Amino acid sequence: MLRILITNDDGVRSDGIHALAGALGALGDVVIVAPHVEASAIGHALTLRRPLRMEQVGERVFEVDGTPTDCVNIAVAKIFDRMPDLVVSGINKGFNLGDDTTYSGTVAGAMEGALLGIPSLAISLERTSGDYDFGPSARAASTLAKLVLERGLPARTFLNVNVPPGRPKGFRVTVQAKRNHVTVVDERCDPRGKAYYWIEEGQNDWEPHDRSDYQAVRDGYVSVTPLRPDLTDYDALAVLEQFNFNSFTRR
Ligand code: MN
């Protein structure tokens, strides 16, 4: 029987993670290990300066008072007696598109799986103030999980999947979009007269790109972006070599 680890950053009580577990249950033994409280935008943080606790909160459902990355590590080391066959993170309430991916705890959960050598994917849908329909995302996750289990992924590659609202027209393999960042920091005053700050969600000012994840979900397609933890800018290697550091230090 295949073993599937499911995590998220919205927390163990999020209905998105249970919809995902329901959809993947047909493919193998599913275990949920997820943060006790929401850890959205926690990125790839690993908790090293305080102890972590794990509680079993249901049949094959565990919570950890930490980050998605903590959850994957504790699950692999303490719950599974051999590596899981697949890690799936989500279903996140809110897209993880383009540059926003770097802040995402959801995506980091899948990245941690990839770093541990496990085929992994993250799945997200558009944030809404109304009721969430996890059906299309759950079906997309199931389709992709089946394919990944069957065909594998290149070493250290993991998938960032975003599902458009409504009924998707199909899947599109995409690249990460770029956003023209606008920082909005709201300043307020606390009851003692001291300023405090809220970092606002950025404006959706995306650089146009036919192949981007952002464009795919805008066009009604499930976006599938292959990512890797290696952040090296390979195109910049030659540029940096031209800096000629060594002749500079000898001067
Ligand atoms: Mn989240």
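Contact, as the word is used in these legends, means heavy atoms within 4.5 Å. The model is predicted, so local features need pLDDT of at least 70 and side-chain atom pairs count only at pLDDT 80 or more, while totals for chains, interfaces and linings use all residues. Residues are numbered from 1 along each chain as its sequence is written, and side-chain values use heavy atoms, with hydrogens and water left out.

View 1. Helices (H or I, at least four residues) and strands (E, at least two) are DSSP runs, numbered from the N terminus. With neighbours within four places in sequence set aside, Phe158 is in contact with Val107, Ala110, Met111, Ala114, Ser120, Leu153, Thr225, Pro226, Leu227, Arg228 and Pro229. Phe158 has 2% relative accessibility and therefore counts as buried, a term that stands for under 20% relative accessible area, with exposed meaning over 50% and partly exposed in between (1.4 Å probe, protein chains only). Val148 lies 10 residues from Phe158 in sequence, and their C-alpha atoms are 9.8 Å apart in space.

**View 2. The open sheet of 9 strands.** Two strands are said to pair if DSSP finds at least two bridges between them. The strands follow the order S3-S4-S2-S1-S5-S6-S7-S11-S8, and their pairing is mixed. At the edges stand strand S3 (54-58) and strand S8 (171-173), each of which pairs on one side only. From one strand to the next the twist averages 25 degrees, where axes are lines fitted to C-alpha atoms, for helices over the stretch in contact, and angles run from 0 to 180 degrees between N-to-C directions. Within strand S5 lies Ile91, which is joined to Gly90 by a cis peptide bond with omega of about -5 degrees.

**View 3. Strand S4 and its partners S2 and S3.** Strand S2 (residues 29-35) pairs with strand S4 (residues 61-64) in the parallel sense over 4 bridges, and Pro35 stands opposite Val64 in S4. The pairing of S3 with S4 is antiparallel, also over 4 bridges, and here Glu63 in S4 is the bridge partner of Glu55. The hairpin of S3 and S4 has 2 residues between the strands. Arg60 lies in the loop between S3 and S4, and its phi is near 60 degrees, a positive value in a residue other than glycine. Because its relative accessibility is 36%, Arg60 counts as partly exposed.

**View 4. Helices H1 and H4, each lying across several strands.** Helix H1 (residues 15-24) lies across strand S1 (3-7), S2, S4, strand S5 (86-93) and strand S6 (120-125), and runs at about 140 degrees to S5. Helix H4 (residues 135-151) lies across S5, S6, strand S7 (158-163), S8 and strand S11 (222-227), and runs at about 165 degrees to S6. The axes of H1 and H4 come within 9 Å and cross at roughly 45 degrees, which makes H1 oblique to H4; angles under 35 degrees count as roughly parallel, over 145 as roughly antiparallel, 65 to 115 as roughly perpendicular and the rest as oblique. In this contact Ala19, Leu20, Ala23 and Leu24 in H1 meet Ala138, Ala141, Ser142 and Ala145 in H4. The contact residues divide into 7 nonpolar, 1 polar and no charged, where Ala, Val, Leu, Ile, Met, Phe, Trp, Tyr, Cys and Pro count as nonpolar, Asp, Glu, Lys and Arg as charged, and the others, Gly among them, as polar.

**View 5. Helix H3 and its packing against H2.** Of the 11 residues of helix H3 (residues 105-115), 10 are buried, so H3 is largely enclosed by the rest of the structure. The cover over these buried residues includes S1, helix H2 (68-79), S5, S6, S7 and S11. H2 and H3 pack at an angle of about 30 degrees with their axes 8 Å apart, and are therefore roughly parallel to each other. Pro68, Thr69, Val72 and Asn73 of H2 make the contact with Gly105, Ala108, Gly109, Glu112 and Gly113 of H3. By class, this contact of H2 with H3 has 3 nonpolar, 5 polar and 1 charged residues.

**View 6. Ser14 in the loop between S1 and H1.** Ser14 counts as buried because its relative accessibility is 8%. Apart from its neighbours within four places in sequence, Ser14 is in contact with Asn8 and Lys93.
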